[in-house]
Amino acid sequence: AAGTGEFEAGISKNGQTREHALLAFTLGVKQLIVGVNKMDSTEPPYNEARFEEIKKEVSSYIKKIGYNPAAVAFVPISGWHGDNMLEASTKMPWFKGWAVERKEGKADGKTLIEALDAILPPSRPTEKPLRLPLQDVYKIGGIGTVPVGRVETGVLKPGCVVVFAPANLTTEVKSVEMHHEALQEAVPGDNVGFNVKNVSVKELRRGYVAGDSKNNPPRGAADFTAQVIV
């Protein structure tokens, strides 16, 4: 927020701007866009010097965290008035546009939506063995037992034989659905429900992990490495 005092609060020691940038990096978010909002309430409104001051300070901070500022788009916007959101604003003639450089190539534009469109979609780990932690298990009349969860790695298809750890239950997947539509395959990032044969709701529970019985199924481990954020 570019308003007088607002940016200072956000970038202060316990401010939210700092917190959000650090959280994003810690959680593995590789690409960042900095939208400098409320440009309509700077002194005077739509002030270039204020934008440059914020850009300089935020660049310095995100560099310390681990981001490369050259790969981050800085866009002066006003959400309230719609400036530089979907269309280039006439109120900031001094803004010649944002530009980013990264190893995958360069990108540039004037608006926030163009910056969003320039984000590179992450590759999905489909080649790894299937891992699907269960978020819930439902009993649906006329269908049967339906575990629900998000595919983390690998691919889930109807007809494949899954094993649930740690209970070591093996069963066939009859169908896979997302948003009430049947899927031929579910890939990482998909939140799905899948119907399983001959397993009751009581045998499965939240926290179990489904894997492919024929391809490195999930097993107990003596130890593991974790990233813990406190």
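## Annotated regions and domains

UniProt, in an unreviewed entry, places the feature "domain: Translation elongation factor EFTu-like" at residues 144–209, and such UniProt positions are given in the numbering used here, with shortened feature names and with annotations that may be inferred rather than shown by experiment. Over residues 144–209 the chain is 0% helix and 48% strand, with the end C-alpha atoms 19 Å apart; helices (H or I, at least four residues) and strands (E, at least two) are DSSP runs, numbered from the N terminus. A further UniProt annotation from an unreviewed entry, "domain: Tr-type G", covers residues 13–121, a span that is 32% helix and 17% strand and whose end C-alpha atoms lie 32 Å apart.

The structure is a predicted model, in which local features need pLDDT of at least 70 and side-chain atom pairs count only at pLDDT 80 or more, while totals for chains, interfaces and linings use all residues. Residues are numbered from 1 along each chain as its sequence is written, and side-chain values use heavy atoms, with hydrogens and water left out. The chain is divided into domain 1 (6–118) and domain 2 (131–212), with bounds that come from an automatic or database domain assignment, and the C-alpha centres of domain 1 and domain 2 lie 41 Å apart.

## Nonpolar cores

In soluble globular proteins, nonpolar side chains tend to be buried together. A nonpolar core is here a set of buried Ala, Val, Leu, Ile, Met, Phe, Trp, Tyr and Cys residues joined through side-chain atoms within 4.5 Å, where buried means under 20% relative accessible area, exposed over 50%, and partly exposed in between (1.4 Å probe, protein chains only). The largest nonpolar core has 31 residues, and those with the most contacts inside it are Val36, Met39, Phe51, Val58, Ile62, Phe74 and Trp98. Helix H1 (6–11), helix H2 (16–26), S1, H3, strand S2 (73–76), strand S3 (98–102) and H4 each supply at least two residues of this core, and its largest share, six residues, comes from H3. A second, separate core of 22 residues includes Cys160, Val176, Ala186 and Val199.

Val36 touches Ala2, Phe51, Ile54, Val75, Pro76 and Ile77, not counting residues up to four places away in sequence, contact being defined as heavy atoms within 4.5 Å. Thr111, in the loop between strand S4 (105–109) and helix H4 (112–117), counts as buried at 3% relative accessibility. Leaving aside neighbours within four places in sequence, the residues in contact with Thr111 include Val75, Met85, Leu86 and Trp98.

The structure holds eight salt bridges, each being a side-chain nitrogen of Lys or Arg within 4 Å of a carboxyl oxygen of Asp or Glu. The side chains of Glu53 and Arg50 meet in one of them (3.2 Å, N to O); because they are three residues apart in helix H3, Glu53 and Arg50 are separated by about one helical turn. Glu53 is partly exposed, with a relative accessible area of 38%, whereas Arg50 counts as buried at 10%. Glu8, Arg50 and Glu53 are linked in a network of salt bridges.

Glu185 forms a salt bridge with Lys157, the closest N and O atoms being 3.9 Å apart, and this pair links distant parts of the chain, 28 residues apart. Lys197 and Glu172 also meet in a salt bridge (3.4 Å, N to O); Lys197 lies in the loop between S10 and S11 and Glu172 in strand S8, so the pair ties together parts that are 25 residues apart in sequence. Asp190, in the loop between strand S9 (181–183) and S10, is buried yet has no salt bridge, and the nearest side chain of opposite charge, Arg124, is 6.9 Å away; for charge, Lys and Arg count as positive and Asp and Glu as negative, while His and the chain ends are not counted. Among the residues that Asp190 touches are Gly149, Arg150 and Glu185.

## Backbone exceptions

Most residues other than glycine have a negative phi, and most peptide bonds are trans. A cis peptide bond joins Glu43 and Pro44, with omega about -15°, and Pro44 lies in the loop between strand S1 (33–36) and helix H3 (48–65). Tyr46, found in the loop between S1 and H3, has a positive phi of about 55° although it is not a glycine, and is buried, with a relative accessible area of 12%.

Another cis peptide bond joins Ala165 and Pro166, with omega about 5°, and Pro166 lies in the loop between strand S7 (161–165) and strand S8 (169–178). Asn198 has a positive phi of about 50° and is exposed, with a relative accessible area of 79%, in the loop between strand S10 (191–196) and strand S11 (209–212).
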